[in-house]
Amino acid sequence: QDKHFRVLKTQGVRSGPDCQNLLASLHAARGILGAQLRVEGACEIVAGPGADLAGVVAGSSPPAGGWVDNDMSEAATDVSEEDYVAGVADDLSWSCWRLN
């Protein structure tokens with residue numbers, strides 16, 4: 001099973017409420033799992049295997065600059081997408097939200 005997760009980075013969504021609103025606006029997009037925001041960073045949308053990232057990018061435009069061009073970062077992990085997003089790391093520099 002493919003266990004690669006991709007992250008769509010925004011240019012300028014930098015607050016928790018704005019990141020959560022962006023995540024909520026993507027609720028109907030296939031494969032979107034959650035969002036994460038690092039202190040002094042920009043919101044990132046986390047997508048699982050089979051996500052239609054091209055459709056997400058084409059169909060939405062985050063405020064404050066849109067998406068980072070040509071940046072669909074990929075990470076491999078040994079856990080399922082549900083465990084990956086539900087997992088907690090003791091790092092106060094990140095805030096994370098799961099799309100239910």
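Predicted model: local features only at pLDDT ≥ 70, side-chain atom pairs only at ≥ 80, totals over all residues.

Reader: In what order do the elements run from the N terminus on?
Author: Helices (H or I, at least four residues) and strands (E, at least two) are DSSP runs, numbered from the N terminus. The protein chain has three helices and five strands. Their order is β-α-β-β-α-β-α-β.

Reader: Which residues of helix α1 are buried, and why do they line one face?
Author: Helix α1 covers residues 16-25, and its buried residues are Gly16, Cys19, Leu22 and Leu23. On the other side of α1, Pro17 and Asn21 are exposed. An α-helix has 3.6 residues a turn, so residues three or four places apart point the same way. Seen down the axis of α1, the buried residues line one face because they fall within an arc (of the directions from the helix axis to the C-beta atoms) of 125 degrees.

Reader: How many disulfides does a search of the whole structure find, and which residues does a disulfide join?
Author: A disulfide here is a pair of cysteine sulfur atoms within 2.5 Å, and the search finds one. Cys19 lies in helix α1 and Cys43 in the loop between β2 and β3, so the pair ties together parts that are 24 residues apart in sequence. Both of these cysteines are buried. With an S to S distance of 2.1 Å, the joined residues are Cys19 and Cys43.

Reader: Is that disulfide right-handed or left-handed?
Author: The torsion about the S-S bond decides this one. For Cys19 and Cys43 that torsion is about 65 degrees, so the disulfide is right-handed.

Reader: Which residues have the most contacts inside the largest nonpolar core?
Author: A nonpolar core is a set of buried Ala, Val, Leu, Ile, Met, Phe, Trp, Tyr and Cys residues joined through side-chain atoms within 4.5 Å. The largest has 16 residues, and the elements that give two or more residues to this core are α1, β2 (32-38), β3 and α2. Those with the most contacts inside the core are Ile32, Cys43, Ile45 and Trp67.

Reader: Which side chain does Gln36 join through a polar contact?
Author: Gln36 is found in strand β2 and is buried, with a relative accessible area of 16%. A polar contact is a pair of N or O atoms within 3.5 Å; within protein, one must be able to donate a hydrogen and the other to accept it, and residues adjacent in sequence count only if both atoms are side-chain atoms. At 2.6 Å, the partner side chain is that of Glu44.

Reader: Last one: with which residues is Gly50 in contact, leaving aside its neighbours within four places in sequence?
Author: Gly50 lies in the loop between β3 (44-47) and α2 (53-59) and is partly exposed, with a relative accessible area of 44%. Contact means heavy atoms within 4.5 Å, and the residues that Gly50 contacts are Arg6 and Arg30.

Notes. Residues numbered from 1 in each chain as written. Heavy atoms only, no water. Buried < 20%, exposed > 50% of the residue type's maximum accessible area, 1.4 Å probe, protein only.
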